[in-house]
Amino acid sequence: MNETNDLLTLLNKRIAQVGKLITDQGADGFLIFNQANYRYLTNFTGEEAQLIVTNRGDRILLSDSRFDNQIKAEAPGEMSVVMKRGNQDEEISRQLQHANLHKVLVEGEFVSAVEFANLQKLNPQIEFQIVEELVECVRNVKDDLEIATLRQAINISMSSFNEILPMIKPGEIERNIGAKLDYLFKLNGGDGPSFATIIASGVRSAWAHGVASDKAIEEGDLVVVDFGAFYHGYAADITRTMAVGKVDTELSKIYNIVYEAQRRGIAAAIVGNHGNDVDRAARDYINEQGYGQYFGHGIGHGIGLEIHELCQPALPFGKQELVNNMVHTVEPGIYLPQKGGVRIEDDILIHGQSPETLSTLPKAELISL
């Protein structure tokens, strides 16, 4: 089989799974606005499109003339393509009516109240039902192509990170390091950063989302670098904490605690457990060491076509049963106000009773640069 046929086989499998979920909801159609979701079901990477999927597996993609050739190049298989020329809600309505749909599911997180009301007004014969994270239920479990793509995103991220290590030294500006890292993601074959790169040094290392600033790194700082590249639309997410010279004794202590907490969390990331089991394994250890109040965020989230998956209200990581081929982060941290913080994060592939850590940068001890 060639690459196009392989991709089409995967797309058809995904469409069939979504079609079953549509039927399970007692509907015959599904209106998708989320770019990640219509990309997952068509391989089309452009923006501002909508996709109608029926429970029979038919697909209708609504786009515009800017993307005509791109759709032809990217999206294999049988699919109706409609170029929008007028009012978007009217264009969508024409396609829903042409497909003779009677009950249509709509992505509640990605349609405005005004647009939903307009669709109801334009289609009084159709019953519309808001749903949450339907395609995401399928996306939670990665297929072979997705896992291979994630591995490459992670490899690009790690090699780029290694190249900026010489910059982490006294006097260097956080923003300069972040800019170089973002540049390297593309230079090394990625699509760019999968989120705003975090470079947080000194007391800012206690800021869980300390995006790179104009602060200069100083001797004795901890430096938290939270980074990841997109590759063919798939996101990596890795964090490492390093020391610049000799750091405060307590900061060294919390590094070792976070490292052990992460080790325990990864060990709990096995088939049959839930996300809460992963969280508890790491959090209980941090609590035992007396630092529980300084670990305020969750243990992790899924990654894939979006940097944060398995973390929304309908699909919280903690309540998800772990199954083979889920990919998620494990990222405990301890953040001491006005002193500094530590986070270690890796991307984990669920694989039976032996989770695989896909990101393999050194972390067993606090690295002093």
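## Ground rules

Residues are counted from 1 along each chain as its sequence is written. In this predicted model, local features need pLDDT of at least 70, and side-chain atom pairs count only at pLDDT 80 or more, while totals for chains, interfaces and linings use all residues.

Let's start with the strands (DSSP runs of E, at least two residues, numbered from the N terminus). Three of them make an open, antiparallel sheet in the order 7-10-11. Strand 7 (192-193) and strand 11 (234-235) are its edges, each pairing on one side only. Pairing here requires at least two DSSP bridges between the strands.

Strand 10 (residues 229-231) is joined to strand 11 by two bridges. Y231 has Y234 of strand 11 as its bridge partner.

## The largest pocket

Next comes the largest pocket, with about 510 Å³ of space. A pocket is an open set of points, on a 1 Å grid over the protein atoms alone, where a 1.4 Å probe fits, with protein on both sides within 12 Å along at least five of seven lines; lining residues have an atom within 4 Å of a point. Its volume is the space filled by probe spheres set on the points.

Which residues are closest to the centre of this pocket? They are L7, N43, L145, T149 and H232, out of 24 lining residues. Helix 1 (3-24) is among the helices that supply at least two lining residues, and helix 1 gives the most, with six. Helices are DSSP runs of H or I, at least four residues.

Definitions and conventions: Side-chain values use heavy atoms; hydrogens and water are left out.
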